[in-house]
There are 2 protein chains.
Amino acid sequence: MKRDEAGDTRPATAETSGTGTLGKVLSVLETVVTAEAPLRFSDILALSGQPRGTLHRQLSHLVEEGLLIQRRDLCYEPGFRLLKFAYRAWSKNQFRAIAGPHLQRLHEETGETVHLGVLRDTEIIYVDKVESRQTVRMESQIGNASPVYCTGLGKAALSVLPPERLETTIGRLAFHRFTANTHLSAISLKRDLDDVRLRGYAFDREEHETDIRCVAAPIHDAGFDFVAGISVTGPAYRVTMEQLEAWAGVVRRAAIAIIEDVQIRLGPGH
Amino acid sequence: MKRDEAGDTRPATAETSGTGTLGKVLSVLETVVTAEAPLRFSDILALSGQPRGTLHRQLSHLVEEGLLIQRRDLCYEPGFRLLKFAYRAWSKNQFRAIAGPHLQRLHEETGETVHLGVLRDTEIIYVDKVESRQTVRMESQIGNASPVYCTGLGKAALSVLPPERLETTIGRLAFHRFTANTHLSAISLKRDLDDVRLRGYAFDREEHETDIRCVAAPIHDAGFDFVAGISVTGPAYRVTMEQLEAWAGVVRRAAIAIIEDVQIRLGPGH
DNA sequence: AGAGCTTGTTCCAAATAATGGAACAACATG
DNA sequence: CATGTTGTTCCATTATTTGGAACAAGCTCT
């Protein structure tokens, strides 16, 4: 089996790759879906590092299943079946439904945008949002994924991970400078996380986007299998660090309220 | 290989199932995702008809890949990674972006809700929506899938399919009565489609939901590989059949405008 | 509590599908 | 028209999936 040379720091100890064929195909799908522009066969070939024949079959299968579309100019695009899957995933999600009223309340208390995000691998996936101007639609970031190391939600989530899982997660991070304040090393990030753990809430000091600050608190189930977060975000000119400090309490209380609500409504262990 | 007894009217001529392992796994994923309530292992076992060992591994892989989540009570739920895929699929979609202004204009002309939907297998997947009250969020149906045979968009899309593909599509339909007006047979549906083809637009005469009517027109690329539709929908008390007739022209013109716009912006063949 | 039932998990030889190199075809490009 | 690039097909080899059966963990009912 071929191994990616770049960024693969995993121990070489008999990693069966876990999910077999599915994992490989999803990796191809993710490549196409997360690409900035539609990709041609050769582009994907270069990015995936798979042999031509193999990749060709994988793409054919993905197209046949509706997860990708092949346009007439041979470019591959995400397929509409992905929307169907997500619609169900979102509209029936109980966690989101339970958290909803708490987001709303937090928005009313602060007047700024409130986010609900879930930790998945090394990213935070935005699951819900309440914001002032009701121009919100699906662009609203729902489904958008941001790195854990430069977002309030991400750091809040990391702060409650069991040590071992935290290590493996941080080990997989590929640090990338988004702003002057972005953490660029595991050491720097871990120092920040120590503070977060003590306080119970995390800040984003313009680490992902300039002029955007946020304060976030972690949400988790009993076994820390499920880790998420809630945050209040605003523009730096309006939201000072003092303001964020002042909101930290309500954010944290909202997070705790959600944890309790989930336990009551979905039974112990959640 | 086992075959579903119910609703499987496909010819038994050497169907290699096409997408191999991926198809089987996605079929399991779809079962879980489209279920009304979270399913336990045995529920899925019964629905999928796969052997225990096989299904167990498939589910493990899906969970490991983040497409499913297994809760503490052993129920399976759609995973949040699905949201990430869809976010990209939606936000980068060029067809949607091109059609957007036309939907907006159609909404301004009619004052009622406008939908954009894409044909995928035997379903219409809603891709965009413009409606009066700006309470729209992701609940807005984006990603929702409805059967082709009882929606205006579905019938509009079917009406432009090449005869052969129309036959296979209709052959796969499992008719289900949603209202008193729902088509329940291929014959009845085909008769309707003949009318649609003559007029160039389709009606939904409360065939999917009581008190909901709609008029829709087809959109397609040069080779009919990509088939979609645009529609105006409203409550029966406000939107009479005469009103729909009156709007048919603008709807059809909007559809044609989108077809032209796509050809210009994405090049010939689209 | 214990017997009997259901439900979830693990194991492994056999069957099957994925792999990947190489040859082929279709397009561009100079 | 020659040449490089890009997309597609083929097939023996290899690895993964398959699925039966045995095992373990929960329930339920007397």
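**View 1. Chain A on its own.** In this predicted model, chain A is built with 9 helices and 8 strands. Of the 270 residues in chain A, 56% are buried. Among the contacts in chain A with a separation of 6 or more, 56% are accounted for by residues 24 or more positions apart.

**View 2. How the two copies are related.** Two copies of a chain are related by a rotation about an axis and a shift along it. Here chain B is superposed on chain A by a rotation of 180° with 0.0 Å of shift along its axis, and the RMSD is 0.0 Å. That is the relation of a two-fold axis. The same surface serves both copies, since 100% of the contact residues of chain B recur in chain A.

**View 3. The interface between chain B and chain A.** The size of an interface is often given as the accessible area lost when the parts come together. Between chain B and chain A the buried area is about 6300 Å², and carbon and sulfur atoms give 63% of that area. In terms of residues, 64 of chain B are in contact with 64 of chain A. The polar contacts between chain B and chain A amount to 17 residue pairs, counting pairs in which both residues are at pLDDT 80 or more. On the side of chain B that touches chain A, at least two residues each are supplied by helix H1 (20-34), helix H3 (52-64), strand E2 (76-78), helix H4 (81-91), strand E3 (113-120) and strand E4 (123-130) of chain B. The largest share of this side, 10 residues, comes from H4(B). Sorted by class, the side of chain B that touches chain A has 27 nonpolar, 17 polar and 20 charged residues.

**View 4. A salt bridge from chain to chain.** Side chains of opposite charge can pair when their charged atoms come close. Across the interface of chain B and chain A, 12 salt bridges are found. One of the salt bridges in the model joins the side chains of Arg72(A) and Asp221(B), with a distance of 3.6 Å from N to O.

**View 5. A salt bridge between distant parts of chain A.** Over all chains, the whole structure holds 36 salt bridges. In one of the salt bridges, the side chains of Glu112(A) and Arg238(A) meet at 2.7 Å, N to O. The two residues are 126 residues apart, with Glu112(A) in the loop between helix H5 (94-110) and strand E3 (113-120) of chain A, and Arg238(A) in the loop between strand E8 (227-235) and helix H9 (241-266) of chain A. Glu112(A) counts as buried because its relative accessible area is 6%, whereas Arg238(A), at 44% relative accessibility, counts as partly exposed.

**View 6. Glu65(B) and Arg81(B).** The side chains of Glu65(B) and Arg81(B) form a salt bridge of 2.8 Å, N to O. Glu65(B) lies in the loop between H3 and strand E1 (68-70) of chain B, while Arg81(B) belongs to helix H4 of chain B, 16 residues apart. Both Glu65(B) and Arg81(B) are buried.

View 7. The side chains of Glu206(B) and Arg213(B) meet in a salt bridge of 3.3 Å, N to O. Glu206(B) is buried, with a relative accessible area of 16%, and Arg213(B) is buried, with a relative accessible area of 16%. Elsewhere, salt bridges that share partners join Glu30(A), Glu123(A), Glu65(B), Arg81(B) and Lys84(B) into one network.

Terms used: Residues are numbered from 1 along each chain as its sequence is written. Chains are lettered from A and ligands numbered from 1 in the order in which they are written. This is a predicted model: local features need pLDDT of at least 70, side-chain atom pairs count only at pLDDT 80 or more; totals for chains, interfaces and linings use all residues. Side-chain values use heavy atoms; hydrogens and water are left out. Contact means heavy atoms within 4.5 Å. Buried area is the accessible area (1.4 Å probe) that two parts lose on being put together, summed over both. A salt bridge is a side-chain nitrogen of Lys or Arg within 4 Å of a carboxyl oxygen of Asp or Glu. A polar contact is a pair of N or O atoms within 3.5 Å; within protein, one must be able to donate a hydrogen and the other to accept it, and residues adjacent in sequence count only if both atoms are side-chain atoms. Helices (H or I, at least four residues) and strands (E, at least two) are DSSP runs, numbered from the N terminus. Ala, Val, Leu, Ile, Met, Phe, Trp, Tyr, Cys and Pro count as nonpolar, Asp, Glu, Lys and Arg as charged, and the others, Gly among them, as polar. Copies are superposed by least squares on the C-alpha atoms of residues with pLDDT of at least 70 in both. Buried means under 20% relative accessible area, exposed over 50%, partly exposed in between (1.4 Å probe, protein chains only).
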